[in-house]
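This briefing goes through the structure shown below by topic.

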Amino acid sequence: MKKRVLVVVAHPVMEGSRINRALLEAATGCECVQVHDLYATYPEQMIDVSHEQALVFQHDVLVFQHPLHWYSCPALLKSWLDMVLSYGWAHGDVSTQLAGKSWVHAISTGGADSVYQRRGYHHFTLAELLRPFEQSARLCNMQYLQPFLTQATDTLSDTALQAQADSYAAWLKELAEGDGPPVVESVQAEEAQYLEPVRDVKDI
Ligand SMILES: Cc1cc2nc3c(=O)[nH]c(=O)nc-3n(C[C@H](O)[C@H](O)[C@H](O)COP(=O)(O)O)c2cc1C
């Protein structure tokens with residue numbers, strides 16, 4: 001069944017962007033998704049919460065497209081999450097309007113994949129750094145999907161960027177019309193690799 005996909009884009013200086021601008025153009029060209037540019041919609045950063053909740057409610061999949069800024073999302077997207085995913089609407093005992101929907105990021109990072117590891121420059125994997133988003137999705141009873149990544153952005157050639165934008169358009173189409181990326185089921189499998197094995201006292 002076809003899914004309704006909302007691409008929530010957040011870049012504080014889109015006119016100075018190279019990567020997210022190319023990805024935004026690719027998303028805008030996809031008939032199968034609705035694109036919602038937060039900084040363009042709210043230049044004064046005054047978020048219309050009821051409007052946003054109505055928009056979110058009409059969709060099955062939320063894509064958050066943004067650059068990684070300080071290991072997180074740009075400030076307006078953080079405010080959007082704080083205000084739109086309110087207690088009693090998105091999560092809580094009584095009402096969970098988002099249950100069953102999907103949450104996924106399309107993120108660009110200056111750092112290459114190789115520097116996002118335990119002994120790398122950034123010390124943590126991207127999956128670890130994105131845990132607050134992953135758990136927020138779970139709190140809202142949503143499925144958290146594997147992100148679409150564009151990395152080492154400074155060294156990406158124009159040709160590679162065009163290929164990446166094409167892949168993004170295909171990825172969005174797959175989200176809307178196909179199976180989409182896999183669900184991130186739980187942190188336990190990854191934790192098992194990350195942590196040293198716990199030894200029982202009697203093993204020592
Ligand atoms: C304020 C700020 C914070 C950033 N923080 C990170 C970071 O934590 N990790 C990283 O890999 N890149 C970081 N970068 C680099 C951006 O992620 C990168 O330049 C961006 O993804 C490129 O996309 P764009 O051309 O759409 O801006 C940061 C850039 C800025 C401006």
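Trp-80 is buried, with a relative accessible area of 0%; buried means under 20% relative accessible area, exposed over 50% and partly exposed in between, with a 1.4 Å probe and protein chains only. The model is a predicted one, in which local features need pLDDT of at least 70 and side-chain atom pairs count only at pLDDT 80 or more, while totals for chains, interfaces and linings use all residues. Residues are numbered from 1 along each chain as its sequence is written, and side-chain values use heavy atoms, with hydrogens and water left out.

**Surroundings of Trp-80**

- Helix H4, residues 75–84, holds Trp-80; helices (H or I, at least four residues) and strands (E, at least two) are DSSP runs, numbered from the N terminus.
- The side chains of Trp-80 and Glu-52 are joined by a polar contact of 2.7 Å. A polar contact is a pair of N or O atoms within 3.5 Å; within protein, one must be able to donate a hydrogen and the other to accept it, and residues adjacent in sequence count only if both atoms are side-chain atoms.
- Not counting residues up to four places away in sequence, Trp-80 touches Leu-38, Ile-47, Glu-52, Val-56, Phe-64 and Leu-85, where contact means heavy atoms within 4.5 Å.

**Ligand site**

- There are 16 residues around the ligand, and His-11, Ser-17, Asn-20, Ser-108 and Tyr-116 come nearest; a residue is near a molecule if one of its heavy atoms lies within 4 Å of it.
- This shell divides into six nonpolar, nine polar and one charged residue. Ala, Val, Leu, Ile, Met, Phe, Trp, Tyr, Cys and Pro count as nonpolar, Asp, Glu, Lys and Arg as charged, and the others, Gly among them, as polar.
- At Gly-110, a backbone N or O atom lies 3.1 Å from a nitrogen atom of the ligand.
- On its own the ligand has 640 Å² of accessible area, of which the protein covers 71%; the areas come from the Shrake-Rupley method with a 1.4 Å probe.

- His-11 sits in the loop between strand S1 (5–9) and helix H1 (19–28), and is buried at a relative accessible area of 12%.
- The His-11 side chain reaches the backbone nitrogen of Val-13 at 3.1 Å.
- Asn-20 belongs to helix H1 and is buried, with a relative accessible area of 2%.
- Between the side chains of Asn-20 and Gln-65 there is a polar contact of 3.1 Å.
- Leaving out residues up to four places away in sequence, Asn-20 touches His-11, Met-14, Gln-65, His-66, Pro-67 and Ser-108.

**Cysteines**

- The count of disulfides is zero, a disulfide being a pair of cysteine sulfur atoms within 2.5 Å.
- The closest cysteine sulfur to that of Cys-32 is in Cys-30, and because the distance is 4.7 Å, it is too far for a bond.
- Cys-140 is in no disulfide either, and the nearest cysteine sulfur, that of Cys-73, is 14 Å away.
- Cys-32 is buried at 15% relative accessible area, and Cys-140 counts as buried at 3%.
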